[in-house]
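Here are my notes for you on this one, written as numbered points. Keep the 3D view open and follow along as you read.

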Amino acid sequence: MRKPKTQKRNRPVRVTMMDIAAAAGCSQAAVSFVLNDTPGTRISQQTRDRVLEAARALGYMEKTYTTKASYSGLDNVIGFAVDQLATSPEAIVAIEGARQASWNAGNVLLVTQTLSDPVMEPKAIEALTNGGISALIYMTIYTRQVEMPSYVRNLNIPTVLLNCYTADHAFPAVVPSEIAGGQSSTRHLIMHGHHRIATITGEIWMQAAQDRLTGYRRALATADIPFDQELVIEGDWSASAGYASTMKLLALKEPPTAIFCQNDRTAIGCYEALKDAGLRIPQDMSVVGYDDEEISRHLVPPLTTSVLPHLAMGQWAIEHLNPENVPGKRYPIAKLECSLVKRHSVAAPRAEARQILDGAYTSP
């Protein structure tokens, strides 16, 4: 007799304020003000209705706002210390992920910026602990190995590292899977028939740039494509570096047919350089970015790129604040996937594109 089929349970998809903002056609700030019923905000009733309707349609209201978190005293407070808040959106996204997971469990999140200052950071951590936090998330904006100071090691509360890790693996830690992300981006170009693929890196002293370059090289090696050092240009994550680096690549005796830009801002400069050279994307040159910043979906054509999983990393950090985390243990580093978002900036290379490239740019 055949065994009855069992239905697989699909894991519920987390709906974020960014999802609601996209559905309602407004900013994430407006969504937050509406859902939290923030007093003193001048948001039109029409926008409020759109936000509430989008939240209901996506299932956000039922999950988060039907009941308020029961909070009494300071026992349910989690501290979140991050070195920088204003340089890029990654910290804010990670905090939002942690906030969602915290509120779902009835906990409150307190955030402080430390700037890794040797004098002010311990004071900031002390202010959190004096406020009665029961756990701590310690984040750095750039992925790297850190030396945890004694005032954190001696807290005697569950602590998780976000976007950083220690050499002794004394704390649970979560980082993006950057090598796999670089490999996936390059493989996507190879699968479209490209063999002469360039990459514009970030500042190579940074671990993210090193890992994405490693992934790029692994994808080439797996496909038996020889590595060519002249196709690797070091940038600095900026649009201006993306522009200048793309012009260098176009000036090569044999230019590439595809460019892997290791962040979206670099890709913006790459787009501008290709436009000024009279080349079309993706007909004459395929381009892949990284980070999935909001601007990537508004470029013409929309940019194929990879998601930095900071929202999921923030949620992971909350979920792994275990009271049994004690000094003396060794914890593996969790690496979350940088999934590829396929848009319209990649196509198969064309024979006529080679002729265009050969005459596209002549160095002075």
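1. Let's begin with Ser286, which you'll find in strand β9. Keep in mind that this is a predicted model.

2. Is Ser286 buried or exposed? Its relative accessibility is 0%, and since buried means under 20%, Ser286 counts as buried.

3. So what does Ser286 touch? Skipping its neighbours within four places in sequence, Ser286 is in contact with Leu189, His194, Thr257, Ala258, Ile259, Ser345, Val346 and Ala347. Have a look at Ala347 in particular: the side chain of Ser286 reaches the backbone oxygen of Ala347 at 2.9 Å.

4. Ala258 belongs to strand β8, which covers residues 258-261. Strands β8 and β9 run parallel, and 3 bridges join them.

5. Now zoom out to the sheet. Strands of a sheet pair through backbone hydrogen bonds, and they can do that in a parallel or an antiparallel way. Here, 4 strands make an open sheet with parallel pairing, in the order β7-β6-β8-β9. The edges are β7 (232-234) and β9 (286-288); each has a single partner strand, so one side of each has no neighbour in the sheet. On average, neighbouring strands are turned by 15° against each other, ignoring direction.

6. Finally, check the helices. Helix α9 (residues 207-222) lies across β6 (197-201), β7 and β8, and runs at about 170° to β6. Helix α10 (residues 239-250) also lies across β6, β7 and β8, with an angle of about 150° to β6.

Technical notes:
Residues are numbered from 1 along each chain as its sequence is written. This is a predicted model: local features need pLDDT of at least 70, side-chain atom pairs count only at pLDDT 80 or more; totals for chains, interfaces and linings use all residues. Side-chain values use heavy atoms; hydrogens and water are left out. Two strands pair if DSSP finds at least two bridges between them. Helices (H or I, at least four residues) and strands (E, at least two) are DSSP runs, numbered from the N terminus. Axes are lines fitted to C-alpha atoms, for helices over the stretch in contact, and angles run from 0 to 180 degrees between N-to-C directions. Contact means heavy atoms within 4.5 Å. Buried means under 20% relative accessible area, exposed over 50%, partly exposed in between (1.4 Å probe, protein chains only). A polar contact is a pair of N or O atoms within 3.5 Å; within protein, one must be able to donate a hydrogen and the other to accept it, and residues adjacent in sequence count only if both atoms are side-chain atoms.
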